[in-house]
Amino acid sequence: MKEQETLNEDYFDENQYEIENRIRNLYWTVSGNYGENIKLDTVSFSRSPWVSLYDAVKQGAFSRYFDRNAFGLYLVKKLYYGADEQALTNVAQLAVDSAVYRKISAERKGVQEIRKKAFSDLLDYDFTRLASYYLGQIKICMMQQAVRGQTGHEQARMQQALDMLAGLRDTEDTMEIIRVTDAMYNWLVDPYFEKNHGDLEKVLAVTMEDLQEFNWKDYLEEEAEEEDLTQVLNQVNQAVAQTGEVPSEEEKKETRMKRVLVDAEAAEKMYSYIELNYGRSYLSAGEQKRLNRSLCRGAHADCSLYFTDGILSNMVKRNYQSEYARRSKSENLRVYGHYTRVAKRNIEVLADTLRRALVARSERETVKSEYGSIVPSRLWKLGRSHDKKLFERVLKKDSSEFVVHVLIDASGSQRSRQSLVALQGYIISEALSNVQIPHRVMGFCTFWDYTVMQRYRDYDDPKEANKRIFEFHASSNNRDGLAIRAAAASLRERPEENKVLIVLSDGRPNDIIVNRPNSKNPAPYAGDYAVRDTASEVRKVRAEGISVLGVFAGEEQDLQAERRIFGKDFAYIRNIMNFSSVVGLYLKRQLDDTAQ
């Protein structure tokens with residue numbers, strides 16, 4: 001058990017961003033509010049993914065059916081009068097679960113199974129701790145009823161509490177949840193609360209001025225950065241929709257990908273969300289549909305491609321995502337400023353390597369031939385030899401028939417090295433521009449079932465467009481196989497004979513499945529399945545004569561996956577200082593091979 005916990009711990013540490021993103025996606029799906037930037041519990045995923053998933057469902061449902069802020073404000077006012085924070089939170093959790101479970105289960109049948117598995121895990125992990133106090137015993141009873149269908153044999157006092165909670169199943173009134181929570185707390189936790197501080201009416205009469213003047217320091221988490229009251233409200237709103245108590249940092253659980261089902265209305269909202277947070281598409285609706293029909297097949301059925309120049313270039317309106325993109329660009333440019341000399345040197349070395357290879361291709365070569373200019377010294381072979389190559393012909397290699405597509409993994413797992421990845425893309429682009437090789441640079445990430453392809457520069461753009469690569473920022477997931485398929489499709493349309501695809505990635509294709517109505521429900525795109533699919537796409541592209549290079553800048557433990565995907569043609573970048581020499585060797589080999 002301890003060994004498994006250690007493995008889970010390592011996994012959670014390595015995948016924390018992806019876990020956060022998936023849980024947030026689930027919350028958005030259930031709540032229907034795709035723009036809300038809410039903090040959700042991810043640590044519980046380390047111990048039980050079912051608990052964390054059910055918490056996201058429950059919080060999304062609570063936001064959808066009730067006034068979450070009004071309930072949170074009541075709890076803060078109760079704390080203002082000295083209520084015990086942990087006990088009040090425990091009562092609120094029970095009330096919220098009772099109020100939302102039946103409603104969301106009626107709409108989404110899978111919720112019942114998620115809830116059972118979450119409760120089953122909590123009964124395994126927390127039974128002793130819960131049994132040590134009365135509210136915990138009520139929670140045990142409620143969970144056992146959900147998991148095993150046990151009813152009855154409860155003492156009268158406990159049954160009365162369960163009946164009060166059951167009375168919330170059909171309510172649509174936030175105030176009714178407040179009344180039950182308040183009554184249960186005063187009855188089970190602090191029978192003297194009303195006598196000492198006043199009834200519910202007095203609690204609700206507390207003004208915002210009173211709350212803002214109160215010192216909330218003892219209620220704040222250590223890392224709190226916002227003003228006191230705002231942060232307390234955020235913490236309360238997060239805590240009340242959790243299923244269990246706040247778990248410890250060392251409790252870890254291995255993550256598994258989950259399918260998320262969305263209805264037709266949510267699917268329609270999804271496109272608007274993509275447009276709002278990634279910028280309008282530069283393709284017409286007809287062009288997008290044509291590409292999706294052509295490319296989104298097989299393992300990528302029910303997925304969609306979305307082509308954009310980015311939120312900074314084609315913004316719908318300013319929001320937190322546009323601000324994040326702007327700040328990321330500023331940080332990328334700051335890092336470029338720090339590495340300016342290194343970057344310029346890398347550009348010069350890479351461009352020189354490419355230039356010398358192209359010059360070698362342009363040199364004239366004289367070869368023996370059966371036609372051309374006759375060589376008198378070979379005329380003696382007439383009638384005496386079967387060798388008919390009595391002529392010489394001068395060949396000139398064409399140096400202009402090259403095109404390159406640079407594809408950059410822009411998923412959240414790249415966030416820690418975001419600026420260096422942008423710098424790598426910029427170095428390649430500048431070097432290719434210096435030797436006048438047409439090239440396109442795009443980033444890709446996947447949000448819900450959309451793989452977003454962001455264009456930083458196009459094949460025939462002027463050199464000045466290269467600076468747009470610093471708009472690169474990391475977010476969401478990554479469906480590498482589909483992105484490579486889309487990049488190869490654009491290369492096929494180019495007239496150049498020799499085509500090269502360079503993929504900057506961390507060797508970790510990883511995506512969540514969001515199924516539209518009547519979808520084919522493909523397997524979760526993660527782990528071995530995703531690696532095999534990406535490797536298969538690379539082989540297919542190479543079979544068409546397109547050269548593919550993987551530039552790896554991830555963690556050493558993902559090297560094996562990178563090898564499986566790209567074979568021998570991948571460059572492991574350990575340090576930005578040797579970037580040009582490593583990448584240059586590969587590109588030179590491509591130029592030399594096509595010269596044969």
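**Entry 1**

I began with D302, which is partly exposed, with a relative accessible area of 22%. As the model is predicted, I treat every value in these entries as computed. I placed D302 in the loop between α14 (285-295) and β2 (304-308). I then looked up the backbone of D302 and found phi near 70 degrees, a positive value in a residue other than glycine.

I located Q436 in the loop between α17 (418-434) and β7 (439-447). Is Q436 buried or exposed? At 73% relative accessibility I recorded Q436 as exposed, because the cut-off for that class is over 50%. D302, at 22%, I kept as partly exposed.

**Entry 2: α3 and α8**

I examined the packing of helix α3 (residues 68-80) with helix α8 (residues 174-189). The angle is about 25 degrees and the axes are 10 Å apart. I therefore noted α3 and α8 as roughly parallel to each other, since angles under 35 degrees fall in that class. The crossing in which α3 passes α8 is right-handed.

Which residues of α3 meet α8? I listed A70, F71, Y74, L75 and K78 on the α3 side. On the α8 side I listed T174, I177, I178, T181, D182, Y185 and N186. Sorted by class, the residues of this contact of α3 with α8 are seven nonpolar, three polar and two charged.

**Entry 3: α5 and α6**

I then looked up helix α5 (residues 110-131) and helix α6 (residues 134-148), which pack at an angle of about 150 degrees with axes 9 Å apart. The cut-off for roughly antiparallel is over 145 degrees, and α5 and α6 are therefore roughly antiparallel to each other. I recorded a left-handed crossing of α5 past α6.

For α5, I found the contact to be made by R115, K116, F119, S120, L122, L123, F127, L130 and A131. For α6, I found G136, Q137, K139, I140, M142, M143, Q144, A146, V147 and R148.

**Entry 4: T353**

I located T353 in helix α16 (residues 340-362). Its relative accessible area is 11%, and I classed T353 as buried because the limit for that term is under 20%.

What lies 2.9 Å from a polar atom of the side chain of T353? I identified the backbone oxygen of V349 at that distance. Setting aside neighbours within four places in sequence, I found T353 in contact with G584 and K588.

**Entry 5: R327**

I found R327 in helix α15 (residues 320-338). With a relative accessible area of 55%, R327 is exposed. I noted a polar contact between the side chain of R327 and the side chain of E323, at 2.9 Å.

How many residues apart in sequence are R327 and E471? I recorded 144 residues of separation in sequence for R327 and E471, against 9.3 Å in space, C-alpha to C-alpha.

Definitions and conventions
Residues are numbered from 1 along each chain as its sequence is written. This is a predicted model: local features need pLDDT of at least 70, side-chain atom pairs count only at pLDDT 80 or more; totals for chains, interfaces and linings use all residues. Side-chain values use heavy atoms; hydrogens and water are left out. Axes are lines fitted to C-alpha atoms, for helices over the stretch in contact, and angles run from 0 to 180 degrees between N-to-C directions. Helices (H or I, at least four residues) and strands (E, at least two) are DSSP runs, numbered from the N terminus. Angles under 35 degrees count as roughly parallel, over 145 as roughly antiparallel, 65 to 115 as roughly perpendicular and the rest as oblique. A crossing is left-handed if the near helix is turned anticlockwise from the far one by less than a right angle, and right-handed if clockwise. Contact means heavy atoms within 4.5 Å. Ala, Val, Leu, Ile, Met, Phe, Trp, Tyr, Cys and Pro count as nonpolar, Asp, Glu, Lys and Arg as charged, and the others, Gly among them, as polar. Buried means under 20% relative accessible area, exposed over 50%, partly exposed in between (1.4 Å probe, protein chains only). A polar contact is a pair of N or O atoms within 3.5 Å; within protein, one must be able to donate a hydrogen and the other to accept it, and residues adjacent in sequence count only if both atoms are side-chain atoms.
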